[in-house]
Amino acid sequence: MGLIAAFAYLRTLREAQGLSQETVAHAIGVSAKQVYRWEGVRPPDPGATALARYTAMVGGAPEHVHQFLLRDDVTAEDGAHLATLWFQLRIALGKPGTVRT
């Protein structure tokens with residue numbers, strides 16, 4: 001469940017910024033279909049490089065993703081909830097995202 005929670009976190013950040021799967025895919029050098037599969041119910045392992053690029057693209061915190069990956073007791077809802085809080089904090093600090101296209 002850790003990978004599912006991690007991608008729910010990243011998907012929520014992506015959506016909060018109005019980014020499409022295609023935009024993220026293009027920016028990190030993978031296909032839109034790959035991003036779609038990562039954000040699905042049974043995401044395949046994206047590999048460390050792609051996961052790091054996705055996290056940076058949507059302004060996620062690598063330590064949040066890392067913590068999700070270490071745990072089996074987290075859900076997609078946990079990931080989405082933390083992403084919402086993280087995004088709200090970044091807005092309050094004047095740093096809503098680190099979008100690079």
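M1 sits in the segment before helix 1, where helices (H or I, at least four residues) and strands (E, at least two) are DSSP runs numbered from the N terminus. The model is a predicted one, so local features need pLDDT of at least 70 and side-chain atom pairs count only at pLDDT 80 or more, while totals for chains, interfaces and linings use all residues. Residues are numbered from 1 along each chain as its sequence is written, and side-chain values use heavy atoms, with hydrogens and water left out.

With a relative accessibility of 49%, M1 counts as partly exposed; buried means under 20% relative accessible area, exposed over 50%, and partly exposed in between (1.4 Å probe, protein chains only). Its C-alpha lies 6.1 Å from that of V74, although M1 and V74 are 73 residues apart in sequence. Not counting residues up to four places away in sequence, M1 touches R71, D72, V74 and T75, a contact being heavy atoms within 4.5 Å.

Next comes the pairing with helix 5. Helix 1 (residues 2-16) and helix 5 (residues 62-70) have axes that come within 7 Å and cross at roughly 155°. Those axes are lines fitted to C-alpha atoms, for helices over the stretch in contact, and the angles run from 0 to 180 degrees between N-to-C directions. That makes helix 1 roughly antiparallel to helix 5; angles under 35 degrees count as roughly parallel, over 145 as roughly antiparallel, 65 to 115 as roughly perpendicular and the rest as oblique. The crossing of helix 1 and helix 5 is right-handed, meaning that the near helix is turned clockwise from the far one by less than a right angle, with anticlockwise giving left-handed. On the helix 1 side, G2, L3, A5, A6, Y9 and L10 meet H64, V65, F68 and L69 of helix 5. Sorted by class, the residues of this contact between helix 1 and helix 5 are eight nonpolar, two polar and no charged. Here Ala, Val, Leu, Ile, Met, Phe, Trp, Tyr, Cys and Pro count as nonpolar, Asp, Glu, Lys and Arg as charged, and the others, Gly among them, as polar.

Rings of Phe, Tyr and Trp (its six-membered ring) pair if their centres lie within 6.5 Å, and planes under 30 degrees apart count as stacked, over 60 as edge-to-face and the rest as tilted. By this rule there are four aromatic pairs. The ring centres of Y9 and F68 are 5.9 Å apart and the planes stand at 55°, so this pair is tilted. Since Y9 belongs to helix 1 and F68 to helix 5, the pair ties together parts that are 59 residues apart in sequence. Y9 is buried at 0% relative accessibility, and F68 is buried at 7%. Ring pairs also link F7, W38 and Y54 into a cluster.

Helix 1 also meets helix 6 (residues 76-92): the two axes come within 7 Å and cross at roughly 40°. That makes helix 1 oblique to helix 6, and the crossing is right-handed. This contact has twelve nonpolar, three polar and no charged residues. T12, in helix 1, is buried at 16% relative accessible area and, leaving aside neighbours within four places in sequence, is in contact with A80, A83 and T84. G79, in helix 6, is buried at 0%. With neighbours within four places set aside, G79 is in contact with A5, A8, Y9 and F68.
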